[in-house]
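Thanks for coming. I will go through the salt bridges in one structure, pair by pair.

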Amino acid sequence: MIGYVTLGTNDLEGNAPFYDALAKEMGVGRMMDFDTFIAWGEWGGGAGVALTKPYDGNTATVGNGTMVALEAKDPDQVKRLYDIAMANGGSDEGAPGPRGEPDENGNTFYATYFRDRDGNKLNAFCMVQG
């Protein structure tokens, strides 16, 4: 149902490498690239992520309670995405690891949380059996 999620930025050129690196790890690249807007993903694939300078010309601000979750294929990729975020100017909001108790089927939510250079909050997650 979701095609892409857009986050505001005050420094599109400076923040783009952060998302380029995350997208590369997830096997996608830029699917749209304009002076004020870049979207990462794959046409016909899952939901993408975009950065944009606000259309109204005002300063981009971070939404309190807003977060973009990136679905990883396994815990190793969750860790790689966290490492990539930290190496590209991101800030830590929660190291990779299990969150909560396993559900009735033994599945555990495994996640990490980080922010981009503008302060937008992201999460990388997967479900692990065991």
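Is Glu25 buried or exposed, or partly exposed? Glu25 has a relative accessibility of 21%, so it counts as partly exposed; the cut-off for buried is under 20%. Please keep in mind that this is a predicted model.

The partner of Glu25 is Arg80, and their side chains form a salt bridge with an N to O distance of 2.8 Å.

Next, Arg117 and Asp11. Their closest N and O atoms are 2.8 Å apart, in a salt bridge. Arg117 is in the loop between strand E7 (107-115) and strand E8 (121-129), and Asp11 is in the loop between strand E1 (4-8) and helix H1 (12-25), so this pair ties together parts that are 106 residues apart in sequence. Arg117 is partly exposed at 44% relative accessibility, and Asp11 is partly exposed at 33%.

Then a pair within one helix. Lys79 and Asp83 meet in a salt bridge, again 2.8 Å from N to O. They are four residues apart in helix H2, so about one helical turn separates them. Lys79 has a relative accessible area of 39% and Asp83 a relative accessibility of 35%, so Lys79 is partly exposed and Asp83 is as well.

Definitions and conventions
Residues numbered from 1 in each chain as written. Predicted model: local features only at pLDDT ≥ 70, side-chain atom pairs only at ≥ 80, totals over all residues. Heavy atoms only, no water. Salt bridge = Lys/Arg side-chain N within 4 Å of Asp/Glu carboxyl O. Helix = DSSP H or I, 4+ residues; strand = E, 2+ residues; numbered from the N terminus. Buried < 20%, exposed > 50% of the residue type's maximum accessible area, 1.4 Å probe, protein only.
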